Amino acid sequence: MNTSGVQILLFFAFLTIASLCVEAYDPAPLQDFCIAVDDTEAAVFVNGKICKDPKSVTADDFYYAGGLNESRQVTNPLGSKITLVYDEILSGLNTQGVAIARLDFDLEGLNPPHLHPRGAEIFLVLEGTLYAGLINSNPVDPNGKNPFFAKILNAGDIFVFPRGMIHFQYNIGKTKAVAIAAFNSQNPGVMTIAKSIFGSEPSVPPHILAKAFQLGDDDDKLVEHLQSLTWTGNVN
């Protein structure tokens, strides 16, 4: 086989491998829009939620008067509040693969370590100063440490949190802080690490968690204490 033939084969091999590596997040829309509706008698099924009949769609289906420009009162112990606009809130987001959130931080407010199983996040600080970080997946070396990336973010700064990576934001400034987060999923989901591990129902057997955290043989009581706490979220 001549050189050009080898190059053509290599090109098509590369295309094949690349296509296998492509990972879709939300299913691609099969029509211009698909408005979510709970009435199954007046709907058809497609990817995402059940769709409203296009003939009955109005401008309000694409509209959310949520006042995301207004500050939110923070009442939980974490000192942060997240107002998430996703397909359950704004039905016009169905099948579009996007969502948005406003984050309010009190002084020393924390959006605790968490991950989004179904979407990547782009994070924009509007007011204040936040310390943001993310933890990479496990290294090849089982004894190696997971890489940790962190930056101090001021108003106008942007940080990206890849899908499925543990990350957090903490207010280190002298004022309250506000940020906007956008996701490439209509329902990115959230798993808060501490709440998920110690606040599950039913509880994970304490000896399992004690061993996972490499605690001593007599530290089941410590795990039981953590499981007895009230674990609260911060997403509304």
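The model is a predicted one, and residues are numbered from 1 along the chain.

I'll start with the core. The largest nonpolar core has 18 residues. Those touching the most other members are A101, L103, F123, L130, L153, F161 and F183. Several strands each supply at least two residues of this core: β3 (80-85), β4 (99-105), β6, β7 (129-135), β9 (158-161) and β11 (177-183). As a general point, nonpolar side chains in soluble globular proteins tend to be buried together.

Take L130 as an example. What is L130 in contact with, once its neighbours within four places in sequence are left aside? The list is F105, F123, V125, K151, I152, L153, Y170, N171, I172, A177 and A179. Two of those, F123 and L153, are also among the core residues that touch the most other members.

Together with F159 they form one aromatic cluster.

Staying with aromatics, how many aromatic pairs does the structure hold? There are 6. I'll go through two of them, both involving F198.

In the pair of F198 and F213, the ring centres are 5.8 Å apart and the planes are at 25 degrees, so this counts as stacked, the cut-off being under 30 degrees. F198 sits in helix α2 (residues 193-198), while F213 is in the loop between α3 (206-212) and α4 (220-228), so the pair ties together parts 15 residues apart in sequence. F198 has a relative accessibility of 11% and counts as buried. F213, with a relative accessible area of 45%, is partly exposed.

The other pair is F198 with W231. Here the centres are 5.9 Å apart and the planes are at 20 degrees, so this pair is stacked too. W231 lies in the segment after α4 and F198 in helix α2, so parts 33 residues apart in sequence are tied together. W231 is partly exposed, at 27% relative accessibility.

Now the surface. I122, I158 and V160 make a nonpolar patch of about 260 Å². I122 belongs to strand β6, which covers residues 121-127. Its relative accessibility is 41%, so I122 counts as partly exposed.

Last, the backbone. Most residues other than glycine have a negative phi, and most peptide bonds are trans.

The peptide bond joining E201 and P202 is cis, with omega about 0 degrees. P202 is in the loop between α2 and α3.

T95 has a positive phi, near 75 degrees, and is not a glycine. T95 is placed in the loop between β3 and β4. Is T95 buried or exposed? At 3% relative accessibility, T95 counts as buried.

Q214 also has a positive phi, near 55 degrees. Q214 is in the loop between α3 and α4, the loop that also holds F213. At 73% relative accessibility, Q214 counts as exposed.

That is the end of the talk.

Conventions:
This is a predicted model: local features need pLDDT of at least 70, side-chain atom pairs count only at pLDDT 80 or more; totals for chains, interfaces and linings use all residues. Side-chain values use heavy atoms; hydrogens and water are left out. Patches are made of residues with over 30% relative accessible area and no salt bridge: like charges are joined within 9 Å, nonpolar side chains (Val, Leu, Ile, Met, Phe, Trp, Tyr) within 5 Å. Accessible areas come from the Shrake-Rupley method with a 1.4 Å probe; for residues, only the protein chains shown count as cover. A salt bridge is a side-chain nitrogen of Lys or Arg within 4 Å of a carboxyl oxygen of Asp or Glu. Helices (H or I, at least four residues) and strands (E, at least two) are DSSP runs, numbered from the N terminus. Buried means under 20% relative accessible area, exposed over 50%, partly exposed in between (1.4 Å probe, protein chains only). Rings of Phe, Tyr and Trp (its six-membered ring) pair if their centres lie within 6.5 Å; planes under 30 degrees apart count as stacked, over 60 as edge-to-face and the rest as tilted. A nonpolar core is a set of buried Ala, Val, Leu, Ile, Met, Phe, Trp, Tyr and Cys residues joined through side-chain atoms within 4.5 Å. Contact means heavy atoms within 4.5 Å.
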